[in-house]
Each structure stands twice: as structure tokens, then as C-alpha cells.
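User: I would like to learn how to read a few features of a protein model. Could you take me through them one at a time?

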Amino acid sequence: MNLKREINNVRRKIMRWLTKGVGTSYTLRNNTSSALEIKRILISRPNHRLGNLLLITPIIQEAIATFPDCKIDLFLKGNLPASVFKNYRNIDRLIILPKKVGRGFFSYLSRWLSLRKTHYDIAINTVNGSSSGRLSIFFSRSTYKFFGNETEAVLANHEAQHLAKAPVFYFRHYLTLLELKPNVQPVAALSIELDKNELAEGKKELDQIVNTQTKTICLFTYATGEKNYNQSWWIPFYEALKKEFPLFNFIEVLPVENVSSIGFQAPTYSNPDIRKVAALIANTNVFIGADSGVMHLACAAHAPTVGLFSVTDCEVYHPYGNKSIGINTNKTSINEIIARISSIV
């Protein structure tokens with residue numbers, strides 16, 4: 001048993017119980033005949049994990065598509081936000097909580113207090129179960145506050161099960177309650193907004209590792225905790241891939257832990273800069289990896305992504321868009337996985 005993990009789980013449950021009644025998700029307009037201008041938006045996801053940050057990129061794109069001239073502030077956490085959201089032009093300010101409260105309490109407090117400095121037209125909590133997310137919206141100075149409360153109308157939508165799509169559908173629903181016209185286009189895919197120069201540099205990096213005149217399959221064989229697949233799964237899978245795709249290049253992106261579940265059999269790439277990793281993956285033909293931040297990064301780089309799920313809910317976290325798919329490996333054989341990969345490449 002991981003004592004630290006158990007303590008954190010208990011803490012989260014207590015905070016969710018304490019904050020479940022915080023706020024209502026909209027306020028009726030006093031004068032429905034006047035036009036409502038949305039110029040400043042706050043979006044909250046105070047979580048430091050790469051995957052969770054990337055999963056809010058669809059709601060950011062949704063806000064921009066609905067209100068093209070809006071300015072967006074993000075309430076986040078950790079060291080990654082500046083890199084993840086670097087190329088989003090509508091983002092005006094990043095309010096970033098330190099990763100660990102104890103080491104920077106006054107900095108932590110000042111970030112919370114800064115939520116009161118700006119008046120927002122709309123403040124959006126992206127995850128209903130996030131206690132700090134709900135509190136940040138409650139504490140913000142905003143005319144309309146969306147806490148992400150679940151509604152039957154949205155729950156009936158199968159797509160709304162997905163963690164990236166859910167806030168978009170709830171946002172659209174709330175806009176109709178404010179008598180505003182929501183966006184009706186398909187929910188945007190995750191996006192880290194790589195620019196042309198980054199993509200060109202990614203291709204140069206890949207050129208130094210493999211012959212890019214040949215198609216390339218990118219692997220990421222690491223994941224945290226129970227999501228990880230060990231060598232006894234990965235090595236037979238890798239052998240089967242090589243047999244099915246004998247003319248393809250294979251490359252493995254390594255984690256900061258510098259471990260490989262295929263025993264470093266393929267050429268490797270590692271870089272602490274997540275944008276450079278994303279740019280390299282974007283130049284490959286398909287990415288294969290377990291549910292992880294790097295899996296979401298590949299999806300956000302718009303590479304066709306095959307996500308492998310054995311513990312977490314595939315319906316909630318699967319990669320989508322650009323031919324991406326999620327596969328429950330508890331129900332799918334290696335041969336069936338390879339058949340699905342063949343349909344992509």
C-alpha cells in the first residue's frame with residue numbers, strides 16, 4: 001500500500017464532500033433584451049499533470065471559437081503551463097499555483113488573491129469533481145460562474161463522458177441558459193498549438209535518428225503506477241509490430257526516468273522540453289503508448305495516437321481526432337491491436 005497515495009485520496013474525498021455544494025452554475029440575466037458581451041474569461045484547472053493540462057485545450061478552443069475576441073486567463077498549477085499554452089494568442093494571463101503548497105505558502109496565497117484583481121464575464125470550472133477548481137470559480141470576481149454541475153441533458157450525450165469533451169458540452173448548455181448562441185461544431189481535438197518552426201525543427205530531429213523517407217512508428221513504453229505495461233507485455237508486442245511492419249522505422253521516446261520496456265531495442269529520443277518532444281512525435285506516422293501525459297501530448301501534437309488502457313477508463317481518457325483511438329487491452333489481443341493500427345497507417 002502506498003501510504004502517501006492513500007492519504008491524498010482521503011484528502012481529495014474530504015475536499016470534494018466539503019465543496020460539492022459550492023456555487024450554482026449560472027445566474028439568470030436581469031435584462032434579457034440587451035446584448036451580453038463576453039470579453040474576459042477565466043478557465044480553471046489547478047492541476048500540475050501534463051495530461052490534465054492538455055485535456056483543457058478543447059474548452060479553451062471552444063471559448064475562442066464562441067467568442068473570437070475574448071481574453072482568457074487560466075488558473076493552473078505547476079511548472080508546465082507556460083510551455084503547454086505558449087502559442088494560444090487569446091490567453092492573456094497564467095495564474096499558476098506552486099506545485100507544493102508548503103514550500104511557497106505566500107506565493108500560493110497571492111495567486112488565489114489575484115483572482116479578485118480582474119473582473120471576468122464568465123468563469124469556468126473544467127472538472128466538476130475538482131474542489132480547488134470549484135473554489136477558484138466561487139472566489140473569482142465574475143458575472144457568470146460555471147461550476148461544471150452535471151445535468152441530465154448533457155449526461156445523455158455519450159461524448160460527454162470524455163474528460164476533455166465534458167466541459168465543452170456543459171459550457172454550451174449553460175450558454176443556452178444565458179440566451180447566448182453556442183458553438184455547434186464538433187468538439188476540437190487536444191492541441192498544443194505547434195507552429196511551423198517547431199514542426200520543422202521536429203522533423204530535423206527525427207531526420208537525425210531515422211530515415212524519414214520511410215514511415216515511422218513512435219513508441220512510449222512507460223506509464224506511472226498500475227497504468228504501466230511491463231516488459232513481458234511490451235517485448236512480444238514490439239516483436240509482433242516489427243513482423244507486421246517490416247519496412248517501417250521504429251523510435252522510442254524515453255521518459256525522464258530513462259527506462260525502456262523494450263530493452264532499448266529501438267532508436268531512442270528524449271528531451272526535457274515537452275514542445276520539442278511533441279514536435280518530433282508530430283512528424284511520425286503513428287504514436288503508440290499507454291495512458292499517460294505523453295499519450296495526451298502525442299494527441300495534442302495531432303499525431304495519429306493509439307492509447308493503451310488496462311486500468312483507467314478508456315471512454316473517459318481515450319485519444320481522439322486525427323485517426324486516434326483508445327484500446328482496452330483487457331478485451332483486445334495483440335493481433336487485434338495490430339490490425340487496428342494497420343487501419344491507421
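Analyst: The side chains of K165 and E159 are joined by a polar contact of 2.9 Å. A polar contact is a pair of N or O atoms within 3.5 Å; within protein, one must be able to donate a hydrogen and the other to accept it, and residues adjacent in sequence count only if both atoms are side-chain atoms. This is a predicted model, in which local features need pLDDT of at least 70, side-chain atom pairs count only at pLDDT 80 or more, and totals for chains, interfaces and linings use all residues. Residues are numbered from 1 along each chain as its sequence is written, and side-chain values use heavy atoms, with hydrogens and water left out.

User: Is K165 buried or exposed?

Analyst: Buried means under 20% relative accessible area, exposed over 50%, and partly exposed in between (1.4 Å probe, protein chains only). K165 has a relative accessible area of 10%, so K165 is buried. Leaving out residues up to four places away in sequence, K165 touches E159, V187 and Y320; contact means heavy atoms within 4.5 Å.

User: Which residues have the most contacts inside the largest nonpolar core?

Analyst: In soluble globular proteins, nonpolar side chains tend to be buried together. A nonpolar core is a set of buried Ala, Val, Leu, Ile, Met, Phe, Trp, Tyr and Cys residues joined through side-chain atoms within 4.5 Å. Here the largest has 65 residues, and those with the most contacts inside it are I41, I43, F67, F85, I122, F146 and I281. A second, separate core has 26 residues, including Y229 and I262.

User: What is I281 in contact with?

Analyst: Beyond its neighbours within four places in sequence, I281 contacts C218, V253, F287, V294, A298 and A303.
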